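Please look over the sequence and the model shown here before reading the report.

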Amino acid sequence: MDKSMSYVQKHRAITKSRLANFVSDGQWEDVNARTAINEACASGKPHIELGVWSAPGQERPAFEHAVQQQFAPIDVGHVFTPSWSTHWVRAAIQIPKEFAGKPVRLEFDASCEAMVWSDAGEPLQGLTGGNSQRRCEFTLADRAGADEPLRVLYLEVACNGMFGNGLSNFLAAPDANRKFPLKTMRLVVPNVEGRALIEELAVLRAMSNGLDQDSPRAWHALAAANDAINAFTAGDQKSIAAARAAVAGFFAAKGGDGNHQVYAIGNCHIDTAWLWPYDETKRKIARSWAAQLDLLDRYPEYRFAASQAQQFEWLQELYPRLFERIQAKAKTGQFIPIGGTWIEMDCNVPSGEALARQFLLGQRYFERHFGVRAKVFWLPDTFGYSSQIPQIMRLAGTEYFYTQKLSWNNINKFPHTTFRWIGLDGSTVLTHMSPAETYTADVSIGDLIDSIKKHKDVVYSNESLYLYGHGDGGGGPCEDMLERLRLVGDLDGLPRVKHAHPNEFYEHVDRTARDLVSWKGELYFELHRGTYTTQAATKKCNRQAEFALRDAELLSVIAQSAARGFAYPAAELERLWKLVCLNQFHDVLPGTSIEMVYKDTDKIYADVLGSVAGLKQSAVVALAGHAAAQSPDAATGVLLVNTTGWPRTEVVAVPAAGPAGGSWQTRASDGARLMVAAAVPGCGTAVVDATSTAAAIPGSSTSSSDLSVEEQTGVAPVGAFEDKDGNVVLENIYVTAKISKSSGQLVSLWDRRAERELVPPGRAGNVFRLHDDAPLYWDAWDIEIYSMEKFAEQPAAEVTVADAGPLVASACVQVPIGKGSSRLKQWVSLSATSPRLNFDCEVDWHENRKCLKVGFTWDIHSDYATYDTQFGVVQRPTHRNTTWEMAKFEVCGHKFADLSEYGYGVALLNDCKYGYATLGSTMSLSLLRASKAPDANCDMGRHTFRYAVYPHAGTFTESDVVREAYQFNVPLVQLPVDAAGAGAVAGAGPFFSVEGAPSVVLDTVKAAEGDSRCVVVRLYETYGGHARATLVTRLPAASAHLANILEERTADAKVVAAPAATATAAAAGDGHAIELAFKPFEVVTVKLELKA
């Protein structure tokens, strides 16, 4: 009988469905290609005998401890539970004689994650069961012998899925009692030819669906697959060869030299914490990377990249033999350490110095342990990118940037794939975003086709980077992905694909691309805007830790120079910076992790802040010497240390030390005693006599109780009263503020010097609005634009005068929130020394998917507002003319946002908030959110925070807003002392100063890495203009040079005697000066070598 004619062309849809059924699980798997996966299987006794020991609670015991325990017998069907528990399975394995000469694998599916260990304690391979990222086979023998010995393996079972323990939705809060059944435990002989056929058919199916439906290759793919199905017979090994022969001609056709070139790199993007805690990440790293080492051995062309130095250090500490294997593979070029940072951090909330430390810690680690410096900044999954990143990258030795997250934008599609990113200061880095729009690809044909279709700059560069491998929860590429790459590496109809180091891709593009476009400024992510606000306590601790470490380093440098016997605590400071950088991971600091993670971060921040407080105390005590009081009760004064780079005069709350005298004011909110600290020099000290109300004057502690407050302090008193209109009025010589007793809102702010009303008629400031906050999907991540439309104002229930002066005047405002389950208590205060109006808040927060914002409307007109960012400021529009402007309805700012017109402006400061918005003349600050996933208790409970409004003459660039914002966040450091004995310490003058350039900020002073004889000083230009500044120091500087963030010499700098006119030289008599030139927003690092 003649062969029947094929009618594929006449019934394409039917043939496609036939092909889909032929390669799929389900109804037809007993007669389709799935029957060819394995040649043979064996399970149960005598082939496999299992025992289990379950660790108590959530302990994660080491191998050495676990194998000493008693193991109870189990079999398939055993249930591992509860969530986050650990169970060690002992497997005694006897390979059947009939498997001789064939490859043999162990198939173990416990519905969760596991690690295979040898009986000698060697971690061998990670396994993942129970989901689509299944990796359940472990190779026992490439070719089994005729008489295999009994072998013992241990399997460390972790009761969590690849994406944690949410049940109804993977983003849901974890279920505490999730159950994981042991579904499979057997020995299998893989059918190599059968598995190859299945891969070939999968490729043919994808090409027939994904290519242009009118193209010959789409038709040929479907026809070849149809021929293979016709040739196959279930259970007949010879038919597999016939089926493969039917498709061989299709796969023999190669692509042309002009085809798009894809550079493929394996990765597993392990989130350092997210839907699992840090401790589970440590095991995920070992499981994932052990699996990849096995694949690197079997596929010599394969290249695998891993970032985050913290993860390498954890592996080094906990799995040293595995770490040594990785080092060996790194030397061959197969295992590629990449990224150059301590972790893949958030790039919105961390300070500029914190971003610098990420690179300093990361690059130094990779150089020390792998002999390489990362050239690519690897950040595929972070939620937006600060405009200062290009400069920081360049200063850290990285030239290229990779991400793909902007492909998630939900309003505007980002217009570029390969481009030059120009930063705030003009620094440029070559940037690429994978057109496949994923960093966890599975080598699907659709992804490869998208690498051409979605490449927006293919006219300039006919190459793209392709990141594949299971990720977020780890895992990485699987065997089938690597087999598929071998199959399609050079196949007609698809782009050419090759394994490559990311450096190879970037260097080729840098060398050959023509006329690449540029993008100037921040890479704003049009999604996940709630991450500026979620998990408020974490963000507050981060801000406090950043500034506390800044203080500790500066004070320790000064103490080492000025106090005999003091040693700079380099090791402890490095430990603390590593912890702070760890918590800046892009799913931790943004607030998008499970509750367990934030219990860990609370402990970490308690450690950091407690240790830093001790370091600061030690340094200041060393500075004070014998003047330091033995106890607060024995003190007669307070030594004040100003860690900012300019002099300060402000009201301070000092300890209740020594005999009470003078006309002290006691603050109503906390009972603190208040005094004026006058002209405390930048990076210098002053003493307050705690027995009087005198101003703190360097070297002086005398006063007369017979004088008025103004005569004693040098400042005019501030007052508080109620006016006839029912307002509480706070007034000093600078401003008059009126707070409505009926609403608690700021209804008037009058600048007495400019004679100007700042609040428009009928409008107000300090307006609390409770917004509905239910985003489309990503609960903890997103504030959506429609949330701006639906809100309710929250008026005060009570407003009273709290402090009447003379140093501080304040009103107490109490506001019920929502339906009354939440409450806010606020002290609005004005000091005698400043026009800044402060708002100190306590909130008891118990809402459900609400967002609390505070807004201020000003009589100021400007098309742009200015926001504090890392090492500078960024301007954003106050209107919504285009969709690009509309998309920025919520933006990130650090210490302040400023709205200025010609001649005048107002800044909105904060001490721990990051979510801002300015629309027209209204500025708002996001205070708290109440998301319920993945942390069901996110932000519930008590919060304290502060914000302030600071009116100023001139535009922003003519103001001192930057300094005021620092002062709002960096209180004067205090130490109880003997006032008389501390005069010499205070009279010594500043240790550092910046002269001649008010736009230059002295941000960081630290000991050089590995050499405490050298001091590193980091400064930046903050207003966006050229500047010439003189850095003056009292330290005995022998020489100086300019350096990068890695503290390597970049240019010479000359040290000269400081001019006598400078404050530092005048006080010390022997200051040293370095002349510095700044470009707009430039970060400059100076390295000083001190005299012996």
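The report below takes up a strand, a pair of helices and the nonpolar cores.

## Basis of the model

The model is predicted, so local features need pLDDT of at least 70 and side-chain atom pairs count only at pLDDT 80 or more, while totals for chains, interfaces and linings use all residues. Residues are numbered from 1 along each chain as its sequence is written, and side-chain values use heavy atoms, with hydrogens and water left out.

Strand E39 (residues 850-857) has seven of its eight residues buried, where buried means under 20% relative accessible area with a 1.4 Å probe and protein chains only; strands are DSSP runs of E with at least two residues, and helices are runs of H or I with at least four, numbered from the N terminus.

E39 pairs in the antiparallel sense with strand E33 (residues 767-772) over six bridges, and Phe768 stands opposite Val854 in E39. Antiparallel pairing also joins E39 to strand E46 (residues 922-929), over seven bridges, with Met923 in E46 as the bridge partner of Phe856; two strands pair if DSSP finds at least two bridges between them.

## Nonpolar cores

A nonpolar core is a set of buried Ala, Val, Leu, Ile, Met, Phe, Trp, Tyr and Cys residues joined through side-chain atoms within 4.5 Å. In the largest core, of 262 residues, Trp289, Trp858, Tyr947 and Phe992 touch the most other members, and helix H14 (residues 536-562) supplies the largest share, ten residues. A second, separate core of 32 residues includes Leu50, Ala110, Val157 and Leu187.

## Helices H3 and H4

Helix H3 (residues 192-210) and helix H4 (residues 216-231) meet in a contact whose residues divide into nine nonpolar, one polar and no charged, where Ala, Val, Leu, Ile, Met, Phe, Trp, Tyr, Cys and Pro count as nonpolar, Asp, Glu, Lys and Arg as charged, and the others, Gly among them, as polar.

Definitions and conventions. Buried means under 20% relative accessible area, exposed over 50%, partly exposed in between (1.4 Å probe, protein chains only). Axes are lines fitted to C-alpha atoms, for helices over the stretch in contact, and angles run from 0 to 180 degrees between N-to-C directions.
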